[in-house]
Amino acid sequence: MNRFTSTFPRLETERLILRPLGHEDFPAMAEFYGSERSRFVGGIVDPAKAWRQLATEIGHWTLRGYGRFGVELREGSSLVGVIGPWFPHGWPEPELGWDLMAGFEGKGYASEAARATRDWAYGSLGWTTAISLVAPENKASEAVAKRLGCTYECDIEHATAGHVSIWRHPGPDA
Amino acid sequence: MMAPTLETPRLILRMMEPDDWPNYADYYTSERSASVGGPKSRSQTWQQFASFWGHWAIHGFGRFAVVERDTAQSVGHVGPYHPEGYDEPELSWTLWTNTAEGRGLAYEAATAARDWCYSALGWTTLTSLIDPANDRSIALAGRLGAAVERRIELEGYQLDLYRHPGPDA
């Protein structure tokens with residue numbers, strides 16, 4: 001973290017800390033994007049492209065005023081996931097995204113962090129609705145969407161995201 | 001860290017701003033960007049635009065927007081660039097429009113950025129990576145006193161690695 005990203009917000013949940021992404025997250029990002037785990041979210045790509053993705057995630061905050069957080073365990077850990085609001089140019093609408101690093105699956109971390117960022121998007125950013133884009137074959141991610149109370153809306157063909165399903169989150173008053 | 005503001009007779013070098021997006025997008029979606037991997041779609045260009053801030057956040061240095069004093073318009077970017085996969089930082093320079101060319105603006109910007117790398121960052125050497133077919137950039141490298149050190153292959157491109165004169169030259 002540095003003087004630039006130190007202005008970004010931090011969120012906390014029962015088990016997790018959500019903080020700005022930074023240089024220290026590169027090894028975990030490179031491993032994720034170089035592995036099968038990234039095949040539904042733009043991977044598999046080399047470390048050079050993973051680095052650019054990290055740089056883009058950080059700059060997204062500047063351009064949109066929000067972006068995805070680096071998630072870690074309260075007791076300290078390597079990067080658990082990259083989770084939160086994501087709305088790059090050309091996206092159908094603002095979405096909540098969750099990428100979970102290897103070794104942290106099956107514990108409910110993705111839904112716990114995503115719920116915190118959804119509350120933040122509704123409460124602090126004034127969002128009135130949110131979607132998540134999930135590849136139809138990505139059953140683990142679909143399970144997270146369902147756990148978050150999302151309902152399936154439709155499938156779309158997207159220039160960047162490919163063939164994805166739109167899952168609609170419950171609104172702020174739900 | 002954010003970029004300081006550097007001033008030259010005709011230019012201001014400053015942190016990229018979100019309002020620079022239309023000018024940057026026009027450049028990267030045009031044929032002018034062919035020598036640096038373009039043209040790209042607007043969506044791809046936006047992700048690349050966002051990475052300017054990430055580069056500064058990760059390294060504490062990065063590329064500046066080049067703004068013409070007369071028009072207050074951003075017309076290019078210049079500065080040290082060090083993404084993953086590069087052995088060392090390079091000084092890059094790009095003018096976004098045809099009308100910005102031919103007036104020595106890239107030279108003026110690159111000189112100021114190089115001076116900043118040496119004086120503020122304390123660097124002792126600097127490279128530039130240039131497409132062997134990019135005659136304008138090759139000419140500018142020559143004006144800056146840089147000389148070809150070797151041919152490299154990077155992300156599928158053949159590039160010439162130029163070495164700049166050091167801070168004491």
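Which loop of chain B holds B:Glu155? B:Glu155 lies between strand E7 (147-154) and strand E8 (157-163) of chain B; helices (H or I, at least four residues) and strands (E, at least two) are DSSP runs numbered from the N terminus. The model is predicted, with local features requiring pLDDT of at least 70 and side-chain atom pairs counted only at pLDDT 80 or more, while totals for chains, interfaces and linings use all residues. Residues are numbered from 1 along each chain as its sequence is written, and chains are lettered from A and ligands numbered from 1 in the order in which they are written.

**View 1**
B:Glu155 has a phi near 50°, which is positive in a residue other than glycine. B:Glu155 is exposed, with 12 other C-beta atoms within 10 Å; 20 or more such atoms make a residue buried, 12 or fewer exposed, and counts in between partly exposed, with C-beta atoms placed from the backbone. B:Ala72, also not a glycine, has a positive phi of about 60°. B:Ala72 sits in the loop between strand E3 (64-68) and strand E4 (74-81) of chain B. With 8 other C-beta atoms within 10 Å, B:Ala72 is exposed.

**View 1. Helices H1 and H2 of chain A.**
Helix H1 (residues 26-33) and helix H2 (residues 47-64) of chain A have axes that come within 9 Å and cross at roughly 120°. That angle makes H1(A) oblique to H2(A); under 35 degrees counts as roughly parallel, over 145 as roughly antiparallel, 65 to 115 as roughly perpendicular and the rest as oblique. Axes are lines fitted to C-alpha atoms, for helices over the stretch in contact, and angles run from 0 to 180 degrees between N-to-C directions. From H1(A), A:Phe26, A:Met29, A:Ala30 and A:Tyr33 meet residues of H2(A) including A:Pro47, A:Trp51 and A:Leu54; contact means that the C-beta atoms, placed from the backbone, lie within 7 Å. The contact of H1(A) with H2(A) has 8 nonpolar, 1 polar and 1 charged residues (nonpolar: Ala, Val, Leu, Ile, Met, Phe, Trp, Tyr, Cys and Pro; charged: Asp, Glu, Lys and Arg; polar: the others, Gly among them).

**View 2. H2 of chain A against H2 of chain B.**
H2(A) packs on helix H2 (residues 42-59) of chain B at an angle of about 95°, with the axes 6 Å apart. The two helices are therefore roughly perpendicular. Residues of H2(A) in this contact include A:Arg52, A:Glu57, A:His60 and A:Leu63, and those of H2(B) include B:Gln47, B:Phe52, B:Trp53 and B:His55. By class, the contact of H2(A) with H2(B) divides into 9 nonpolar, 8 polar and 2 charged residues. The contact between the chains takes 24 residues from chain A and 22 residues from chain B. On the chain B side that touches chain A there are 11 nonpolar, 8 polar and 3 charged residues.

In chain A, A:Gly43 and A:Ile44 are joined by a cis peptide bond with omega of about 5°. A:Ile44 belongs to the loop between H1 and H2 of chain A. In chain B, a cis peptide bond joins B:Gly38 and B:Pro39, with omega of about -10°. B:Pro39 is in the loop between helix H1 (21-28) and H2 of chain B.

**View 3. Helix H4 of chain A and its end.**
In helix H4 (residues 139-147) of chain A, the buried residues are A:Ser141, A:Val144 and A:Ala145. Their arc around the axis is only 100°, which puts them on the same side of H4(A); the arc is that of the directions from the helix axis to the C-beta atoms. Among the elements covering these residues are strand E5 (95-100), helix H3 (109-123), strand E6 (131-134) and strand E8 (162-168) of chain A. After H4(A) comes A:Gly149, with a positive phi near 85°.

**View 4. Surroundings of B:Ala110.**
B:Ala110 is part of helix H3 (residues 105-119) of chain B. With 24 other C-beta atoms within 10 Å, B:Ala110 is buried. Beyond its neighbours within four places in sequence, B:Ala110 is in contact with B:Val78, B:Leu91, B:Trp93, B:Leu140 and B:Leu144. B:Arg63 is 47 residues from B:Ala110 in sequence and 11 Å away, C-alpha to C-alpha.

**View 5. Surroundings of A:Phe104.**
A:Phe104 is found in the loop between E5 and H3 of chain A. A:Phe104 is partly exposed, with 17 other C-beta atoms within 10 Å. Leaving aside neighbours within four places in sequence, A:Phe104 is in contact with A:Val80, A:Gly81 and A:Tyr109. The C-alpha atoms of A:Phe104 and A:Trp61 are separated by 25 Å, and the two residues are 43 residues apart along the chain.

How values were computed:
Two residues are in contact if their C-beta atoms, placed from the backbone, lie within 7 Å.
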